[in-house]
Amino acid sequence: MQVTFKVYRKDPEKDGKPGRSNYTVDVPDGATVLESLFKIRDEMDPSLAFRCSCLRGHCGDCMVRVNGSSRLTCTAKVSAYTQKGPEISLDPLRNVPVIKDLVFDWDAFMWNKIKEVKPWLEAEETSANGENSVSDAAMQDIRKVMSCFYCGMCDEGCTVLPVDFNFLGPAALTKAYRLAFDPRNKDSREQVKIVEKPKGIWDCVHCYEADEHCPRGIEPTKRIVALRDRAFNSGITHEAVARHHESFAASVKESGWLDEGRLAVESEGLTNVKGLMKLLPTAAKALSRGKAPIPYMHSKRPDADKIKKIFEKAEQEEK
Amino acid sequence: MKYAFYPGCVSRGGCPELYPSAVKVADKLGIELDELKSVGCTGAGVLPQNISDPINARTFAKAEQLGLPIMTICSTCTGVMAQANYRLKEDPNYRDTINRQYLADEGLEYKGTTEVKHLLWVLFEDYGIERLQSLIQRPLKGLKVSPFYGCYLRRPPEAITPTKELNRRKAYLDELIGILGAEMADISGKGKCCGFPILSANEENSLAMVAKHTGESKENGADFMVTPCPLCHLNLDGNQARAEAQTGKEIDLPILHLPQFVGLALGFDSSEMNLKRHIVSTTNVESKVSMMS
């Protein structure tokens, strides 16, 4: 089958301007995108730069965007992308510094962020023989996460990274989960605090895109939610988030449902004049349209006492 | 056709235009609603699971007693409840523990039979599109509309799109735009996050998301955007002016709730759908709709 690959090009040793080269290649049935790239480089253009390593979908090194979506080229079959026509576009990831052609800066994309979460384990205690054994059952929860091979597909799917490249991203935060929930960790709360800083877990919108992108089914979003739940249950250290969550929890606990007016005011902080002033234009407009709920003028739900009881019991259980 | 109606906090709080619009539309369609009043907030993804799962289990048990599926008008309520319901249905031991520890005191038990559906799903899966089409009195011809789902109405798959057939849920809003006679102004971020969940933690990022989605919709010629999620509405409508100030770009895109959009096609006036209550002016939409009448 004749397929035209439209490949993103950029060469810092020439003018460094982005462009595109078209290569029409005869590819055999069942060929992968990576095999096609080898063919282009070997037979047509030795200057084309791309990455690969394991060639079997286990390392993530060859990830690029195939027709706009992130894929591992070593497992992506050409035939899966030519149903609408014999053309395939290949691009480096979005919002990532490109080094040359399809080779982008992995340090900026992921590794520097992994380093930020203190990606090593400080164990509780070490026995005389230098081993720190744990039961198989105790490791079950993190075993799946340990199968992460850092392909970065979750970061590529992330909703936050396109608007803020400094967000730590699901890959690094999932690494933090793997360490915080390791039964050998001597201070898992400290590990959670590291990712409570700005650009960490509280900047995640928990949209579950990462879970859809992960080729290993590790479910990074659920791991981030578990880190947040742990922070909630042991006292959130991010100030603005703590105010918001405490207000939310208090209103559900006291009345069964949410007092949104109170939440808006208390999230800013009752003594934060600047923050409260910021709310005024929208609040005034909303009020004039009968839209904004008045803080603290909130009625209890029927059975609010029963919700409160559940709330208190759950808090007690967690302790 | 009857549902245990779970309207959610926002439909009467920050978006008080939503609740009455939804009730009017349901009434016109002949969908009977038995409102669940003595139940709690879903937790909205803010409360941790160890607190919100038992509160949601209690809601499911109440609906189970009525023998009715739950209908919501909020993507976030649907998503949080569907995820909790998945855990409770899939793991009988977990359900037993929740029942024993939290519900038994009230003599309640959740047996794991309650279904949770958004109005959008109800229209396609239970009500039927042909029946809906037969009730359209004002095809919204000439209006260009962008869909915006709210993340929780699309993911995670085990709770939201558990079968291949139900993968269609990811396109219901796209389909509905055509069914109601309007034209689609598609946007790349229709299934992404609106930014609302991080408004406290990172306002700049949150507003950047508002500007991205509404700006793209406007560039694609939309008259308005429609969303089944009132939390998305709070950010996309309520904070659009701040997003404009942050990016220095005028957007001015009205955001309609799903029931308002359906209601206009069913023949309700803009005033009956409470369009005037929005923060971004809906005047242009109202005048176009009034020309159709």
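Hi everyone, and thanks for coming. Two bits of housekeeping. Residues are numbered from 1 along each chain as its sequence is written, while chains are lettered from A and ligands numbered from 1 in the order in which they are written. Since the model is predicted, local features need pLDDT of at least 70 and side-chain atom pairs count only at pLDDT 80 or more, whereas totals for chains, interfaces and linings use all residues.

Let's start with chain B. It has 13 helices and eight strands; here helices (H or I, at least four residues) and strands (E, at least two) are DSSP runs, numbered from the N terminus. The radius of gyration of chain B is 19 Å, close to the 19 Å that the globule rule gives for 293 residues, so chain B is as compact as a globular protein of that length. That radius is taken over C-alpha atoms, and the rule is 2.2 Å times the number of residues to the power 0.38. Along the principal axes, the C-alpha atoms of chain B fill a box of roughly 55 × 45 × 35 Å.

How much of chain B is buried? Buried residues make up 60% of its 293 residues. A residue counts as buried if 20 or more other C-beta atoms lie within 10 Å of its own, exposed if 12 or fewer, and partly exposed in between, with C-beta atoms placed from the backbone. As for contacts, meaning C-beta atoms placed from the backbone and lying within 7 Å, residues 24 or more positions apart account for 80% of those in chain B with a separation of 6 or more.

Now look at the sheet. Four strands of chain B form an open sheet, in the order E6-E5-E7-E8, with parallel pairing. Strand E6 (183–184) and strand E8 (255–257) of chain B stand at the edges with a single partner strand each, so one side of each is left without a neighbour in the sheet. For pairing, DSSP has to find at least two bridges between two strands. Further in, E5 (residues 144–147) and E7 (residues 224–227) of chain B run parallel and are joined by three bridges, and Pro147(B) in this region stands opposite Val226(B) in E7(B).

Next, please find helix H5 of chain B, residues 119–127. Which of its residues are buried? They are Leu119(B), Leu120(B), Trp121(B) and Leu123(B). These pack against several elements of chain B, among them helix H1 (18–29), strand E4 (116–118) and helix H12 (258–265). Just after H5(B), Gly128(B) takes a positive phi of about 100°.

On to domains, with bounds from an automatic or database domain assignment. Chain B is divided into domain 1 (2–118) and domain 2 (136–292). Their C-alpha centres lie 24 Å apart, and the contact takes 25 residues from domain 1 of chain B and 27 residues from domain 2 of chain B. On the domain 1 side, H1 and helix H3 (75–90) of chain B are the elements that give two or more residues, and H3(B) has the largest share, eight residues.

What about the two chains together? Their contact takes 43 residues from chain B and 48 residues from chain A. On the chain B side, helix H2 (49–66), helix H4 (92–103) and helix H9 (203–219) each supply at least two residues, and H2(B) gives the most, with six residues. By class, that side has 22 nonpolar, 13 polar and eight charged residues. Ala, Val, Leu, Ile, Met, Phe, Trp, Tyr, Cys and Pro count as nonpolar, Asp, Glu, Lys and Arg as charged, and the others, Gly among them, as polar.

Let me finish in chain A. Strand E3 (residues 63–66) and strand E4 (residues 69–72) of chain A pair in the antiparallel sense over four bridges, and Val64(A) stands opposite Arg71(A) in E4(A). Their hairpin has two residues between the strands, and Asn67(A) takes a positive phi near 50° there.

Last stop: is Glu190(A) buried or exposed? With 12 C-beta neighbours inside 10 Å, Glu190(A) counts as exposed. Glu190(A) is found in helix H6 (residues 188–194) of chain A, and its C-alpha atom is separated by 8.2 Å from that of Ala180(A), ten residues apart along the chain. Thanks, everyone!

Note on methods
Two residues are in contact if their C-beta atoms, placed from the backbone, lie within 7 Å.
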